Amino acid sequence: MRILLHLLKGVWLTWRMSRRGDAFETRSRTRRDWYDRALWLAGVRFRLTGTPPEQASLVVANHVSWLDIPLIGAAVDPCFLSKDEIARWPVIGWLARQHDTRFIRRGAGEANAHIEAMREGLDEGRHFVVFPEGTTSRGQGVRRFHPRLFAAVAENGHPVQPVALDYERPEGGPVPVAYTDDDRLLVNAWHLLCRRETRVQVHFLAPLQTAEEDRRSLAEASRDAIVERLGLPAEPLNPPTTKRRKAR
């Protein structure tokens, strides 16, 4: 019940900020506080290591769960780049749209437009978060990072900020709260809420300079840094099947 009330509070805060035309600093502080409280209510206890970026950066992370979004959001208040199916999630989709999330339609040829939008956002001082694996995993490895999204920063001076999301899990086993294409959102959320607590370490690794680097080398370097910090196998996980999640 507390989670539901907090979600409704997010809707109300979003409506109020839009109506009042709050300044960016106020909106940013409100978002971070909301993320932080939501994680606490869900039993997620997280700890930051390293230094979150001050300069506008392309933040890239391994992708295990929908929890990755509030975890990074609580630290840096970024814009997110996400799959278009999330735009259709009840309430959460509306909130995401109101808070500057950019949605990508697979195969729709919109990637170039989003990359250009990311460049403009970075030039305006916003962080952008992308999950270059393109989908989630069970946390036992990291898929290959798609280089295309790194074109937003390649050779233009905005750094890449790798972030390793280190979920507590049994040695060699999957992350208990992982959310993949085989899972249902509500069931996954209920499973999370039934746990006593979920511990996550959010590691902000050394930023990568981009002035003389191409997108492929940036993708490989950021993935290598994350894999090394998590102690996972260097070999990428196999690509996911092409089956798409049905609306549930």
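A salt bridge is a side-chain nitrogen of Lys or Arg within 4 Å of a carboxyl oxygen of Asp or Glu. E197 and R199 form one in this predicted model. Their closest N and O atoms are 2.7 Å apart. E197 is partly exposed, with a relative accessible area of 27%. R199 is partly exposed too, at 42%.

By this rule the count comes to 5 salt bridges. Another of them joins E116 to R119, with the closest N and O atoms 3.4 Å apart. Both residues sit in helix α5, which spans residues 111-123. They are 3 residues apart, about one turn of the helix. E116 is partly exposed, with a relative accessible area of 36%. R119 is also partly exposed, at 31%.

D22 has 17% relative accessibility, so it counts as buried, since buried means under 20%.

Now turn to the nonpolar cores. The largest has 29 residues. Within it, V44, L67, L71, I72 and Y167 touch the most other members. Several elements each supply at least two residues of this core: α2 (24-41), β2 (58-61), α3 (68-76), β6 (160-167) and β7 (198-204). Helix α3 gives the most, with 5 residues.

Leaving aside neighbours within four places in sequence, L67 is in contact with L39, V44, Y167, V177 and L192.

A second core is separate and has 28 residues. Among them are A56, V60, F150 and V227.

Notes
Residues numbered from 1 in each chain as written. Predicted model: local features only at pLDDT ≥ 70, side-chain atom pairs only at ≥ 80, totals over all residues. Heavy atoms only, no water. Core = buried A, V, L, I, M, F, W, Y, C linked by side-chain atoms within 4.5 Å. Buried < 20%, exposed > 50% of the residue type's maximum accessible area, 1.4 Å probe, protein only. Helix = DSSP H or I, 4+ residues; strand = E, 2+ residues; numbered from the N terminus. Contact = heavy atoms within 4.5 Å.
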